[in-house]
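Here is a set of questions and answers for someone meeting this structure for the first time.

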Amino acid sequence: MFEEFQDRYPRDTQTVQHGDSTNLPDVDGLRNFVTEFGGSSFGDGIYRVVAPSDGEIWAERIRIAFPKFEERATCFAFDWLGRAFALDMGRMESGSAGVVMFEPGTAEALEIPANLETFHTEELLDYGEAALAISFYQKWLAQGGGAPAYDQCVGYRKPLFLGGADEVENLVISDLDVYWHLAGQLIQQTRGLPPGTVVRASID
């Protein structure tokens, strides 16, 4: 399954316990996808597939930071920056649930014109730079940064939505759960504030 995707982003040796995929929605091949890849890391940590046992954890993260998607989104993967990729049951792409990317660093939910299959057979192959910030990751590694473990991400010290710089110097290896918890709280607290409101906070 997804041979070209695996050729472009080789599976790393790092894996975690897969768990039971039967608690996932039985839609658009999601269970089969997670059964085969759940908990796996690809491309030296640039892209990770959510382990079935972590589905509820990701649902809670999305509920806090992006409540609009609470009843619609099921996360299936996340990248080195901690950005989550999910199936949006409220939007169709070529007859299947569309992909949405949740960015804790920018407080944005971005619709991707792909479904689970085309995201891996087209989007990550043809537009990998836009989807995974590949050159930014290579720059992070070149400047001495390490590949994040499954339970880590390379997060922004000061989130972009609070005026942080989109530069390697503003990045730090973070515990994934802590990063999303703090980012979610900040997104909640700043939601609806007028543009230009001064907010001083950082994630470290």
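Q: Is D88 buried or exposed, and what is its relative accessible area?
A: The model is a predicted one. A residue counts as buried when its relative accessible area is under 20%. D88 falls under that cut-off, so it is buried, with a relative accessible area of 0%.

Q: Which residues are linked with D88 in a network of salt bridges?
A: Side chains of opposite charge can pair when their charged atoms come close. R91 counts as buried, at 11% relative accessibility. The residues linked with D88 in the network are R72, R91, E93 and E111.

Q: How many salt bridges does the structure hold?
A: Another joins D79 and R83 at 2.7 Å, N to O. Of that pair, D79 is buried with a relative accessible area of 0%, and R83 counts as buried at 9%. The total for the structure is eight.

Q: How far from E123 is the nearest side chain of opposite charge?
A: E123 lies in helix 4 (residues 116-126) and is buried. A salt bridge needs a nitrogen and a carboxyl oxygen within 4 Å, and E123 has no salt bridge. Leaving out residues up to four places away in sequence, E123 touches I112, P113, A114, T118 and G128. The nearest side chain of opposite charge is R91, at a distance of 9.0 Å.

Q: Which backbone oxygen lies 3.3 Å from a polar atom of the side chain of R48?
A: R48 is found in strand 2 (residues 47-49) and counts as buried, at 0% relative accessibility. Its side chain reaches the backbone oxygen of G45 at 3.4 Å. Residues that R48 touches include A77, F78, D79 and W80. The backbone oxygen at 3.3 Å belongs to D79.

Q: Which residues of the largest nonpolar core touch the most other members?
A: In soluble globular proteins, nonpolar side chains tend to be buried together. Here the largest nonpolar core has 56 residues. One of those with the most contacts to other members is F119, and the residues F119 touches include Y47, F76 and F85.

Q: Why are the buried residues of helix 6 on the same side, and how wide is their arc?
A: The buried residues of helix 6 (residues 134-142) are F136, Y137 and W140. They are on the same side of the helix because the arc they cover around the axis is only 100°.

Q: Which exposed residues does helix 6 carry on the face turned away from its buried side?
A: What covers the buried residues of helix 6 includes strand 7 (152-156) and strand 8 (171-175). The face turned away from that buried side carries exposed residues, and a residue counts as exposed when its relative accessible area is over 50%. These residues are Q138 and A142.

Q: What is the phi of A107, which is not a glycine?
A: A107 is placed in the loop between strand 5 (96-103) and strand 6 (108-115). A107 is partly exposed, with a relative accessible area of 29%. D44, also not a glycine, has a positive phi of about 60°. For A107 the phi is positive, about 65°.

Q: What share of the residues of the protein count as buried?
A: The secondary structure comes to seven helices and eight strands. Among contacts between residues at least 6 apart in sequence, 58% join residues at least 24 apart. Of the 204 residues of the protein, the share that count as buried is 50%.

Notes: Residues are numbered from 1 along each chain as its sequence is written. This is a predicted model: local features need pLDDT of at least 70, side-chain atom pairs count only at pLDDT 80 or more; totals for chains, interfaces and linings use all residues. Side-chain values use heavy atoms; hydrogens and water are left out. Helices (H or I, at least four residues) and strands (E, at least two) are DSSP runs, numbered from the N terminus. Buried means under 20% relative accessible area, exposed over 50%, partly exposed in between (1.4 Å probe, protein chains only). Lys and Arg count as positive and Asp and Glu as negative; His and the chain ends are not counted. Contact means heavy atoms within 4.5 Å. A nonpolar core is a set of buried Ala, Val, Leu, Ile, Met, Phe, Trp, Tyr and Cys residues joined through side-chain atoms within 4.5 Å. A polar contact is a pair of N or O atoms within 3.5 Å; within protein, one must be able to donate a hydrogen and the other to accept it, and residues adjacent in sequence count only if both atoms are side-chain atoms. The arc is that of the directions from the helix axis to the C-beta atoms.
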